[in-house]
Amino acid sequence: MSARWLTATALAAVAWWLAYTHLAGFSDAVVRLAGVDPATHLGAALGFFVYESPKVILLLAGIVFLMGIIHTFVSPERTRAMLSGRRLGIGNVMAAGLGVVTPFCSCSAVPLFIGFLQAGVPLGVTFSFLIAAPMVNEVALTLLFGMLGWKVAGLYLALGLGVAIAAGMLIGRLGMEGYLEDWVRALQNSRAGGQDADAPMSWPERIRAGLEHDREIVGKVWPYVLAGVAVGAGIHGYVPQDFLAGFMGKSAWWAVPAAVLLGVPMYSNAAGIIPVVQALLAKGAALGTVLAFMMSVIALSAPEMIILRKVLKPRLIAVFVSVVAAGILLVGFVFNAVL
Amino acid sequence: MKNIKVLGAGCANCKATLKLIEDVAKAQGVEVQLEKVDDMVAIAGYGILSTPGVVVDGKVVHSGGVPSREKITGWL
């Protein structure tokens, strides 16, 4: 049983690699078969689409599968046990890091928030986790890596973690416990430790968890990826070079705050936004502005505020939003100034 | 008769879990009393960290993700 699963996984990995390394040939062939001249606008757009979309989806399938396996080692319960009673500082760093690898869905944000506080995870540390988990995730990082290269993906990882750590520490310092809703406050530190022993899993079970994760995530985001790449392809093919440099370029100081504001009401996942971002960059938009926009879309969303309102009083929500927004602004400005 | 509660506020996986339990119970010919709990305070009270959670006769048996068919059969 076990051997069969492992062989199948190895074969799938080889097939994946072959497909991934032959994408350029595939895309050229498709454009030729369609009878479109690659030098025209339409040819450029079509070539971009048939190259980028399978590439990104293949990458996603691979990484999300691996993350599904990693998730079988890092459950939210285990993360909570690791963070319980940690001090500000080291606790925030750990929380942000664990936020990247722990399975998280924004629909569980409230039970998770309460569960952390109950087990004695400090408020500031809990916030570091809650900021990092949705913002720095495998889907965002994979798309950035696939479309913009490892440097941009690495920067996004580092800066996302930086914002989560700093914002959580600041919120912790401010001692905002009084602005939790009263029923949440009453539950704080109420939970006795112990239990939560994860059932041991066999490798076939872990591999199945990886496949399940693929089905769940890639099955959900692929239409966004295709739509995003299609819009990106249109921009690539038809928008003139440097068209955006004027109002999204480095020289426009107001572009960063405008990008953050624009991002708040937008609620999209990384999958839809990154292909568009890549096209904007290619047409002269500044990296800092574009990264700030992305972070804002993912980390600050109106629906999430409404969910969090159940556990936080308005003042704490306001502090949360302003601290995170300030962090993102800083990221945008620093990037534009340095690069 | 077993009392089964599905904890979760309107996420896609919560609905899928509810439906799956219904299906399995029907296939097995077991009668269950199925409830959906979507009040955050109540969900937090069960001490789960990720939804959907499943409570069988007052005991939390599952949290996070849609449970497998085999697991559900085990509960019934």
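B:Asn3 stands opposite B:Gln33 in strand E2 of chain B. Strands E1 and E2 of chain B run parallel and are joined by six bridges. Two strands count as paired if DSSP finds at least two bridges between them. Helices (H or I, at least four residues) and strands (E, at least two) are DSSP runs, numbered from the N terminus.

This is a predicted model: local features need pLDDT of at least 70, side-chain atom pairs count only at pLDDT 80 or more, and totals for chains, interfaces and linings use all residues. Residues are numbered from 1 along each chain as its sequence is written, while chains are lettered from A and ligands numbered from 1 in the order in which they are written.

**The sheet of chain B**

Four strands of chain B form an open sheet, ordered E2-E1-E3-E4, with mixed pairing. E2 (32-37) and E4 stand at the edges with a single partner strand each, so one side of each has no neighbour in the sheet. Neighbouring strands are turned by 20° against each other on average, direction ignored. For such angles, axes are lines fitted to C-alpha atoms, for helices over the stretch in contact, and angles run from 0 to 180 degrees between N-to-C directions.

| Strand pair | Sense | Bridges |
|---|---|---|
| E1(B) and E2(B) | parallel | six bridges |
| E1(B) (2-7) and E3(B) (53-56) | antiparallel | four bridges |
| E3(B) and E4(B) (59-63) | antiparallel | four bridges |

B:Leu7 stands opposite B:Gly53 in E3(B). B:Val55 has B:Val60 in E4(B) as its bridge partner. E3(B) and E4(B) make a hairpin with two residues between them. In its turn, B:Asp57 has a positive phi of about 45°.

**Chain A against chain B**

The contact takes 15 residues from chain A and 12 residues from chain B. Residues are in contact if their C-beta atoms, placed from the backbone, lie within 7 Å. On the side of chain A, helices H4 (76-83) and H6 (109-118) give two or more residues. H6(A) has the largest share, five residues.

**Domains of chain A**

Chain A is divided into domain 1 (2-71 + 204-238) and domain 2 (85-189 + 242-338). These bounds come from an automatic or database domain assignment. Their centres, taken over C-alpha atoms, are separated by 27 Å. In chain A, 21 residues of domain 1 are in contact with 20 residues of domain 2. On the domain 1 side, helices H3 (41-71) and H11 (203-238) each supply at least two residues. H11(A) gives the most, with 11 residues.

Note on methods. Two residues are in contact if their C-beta atoms, placed from the backbone, lie within 7 Å.
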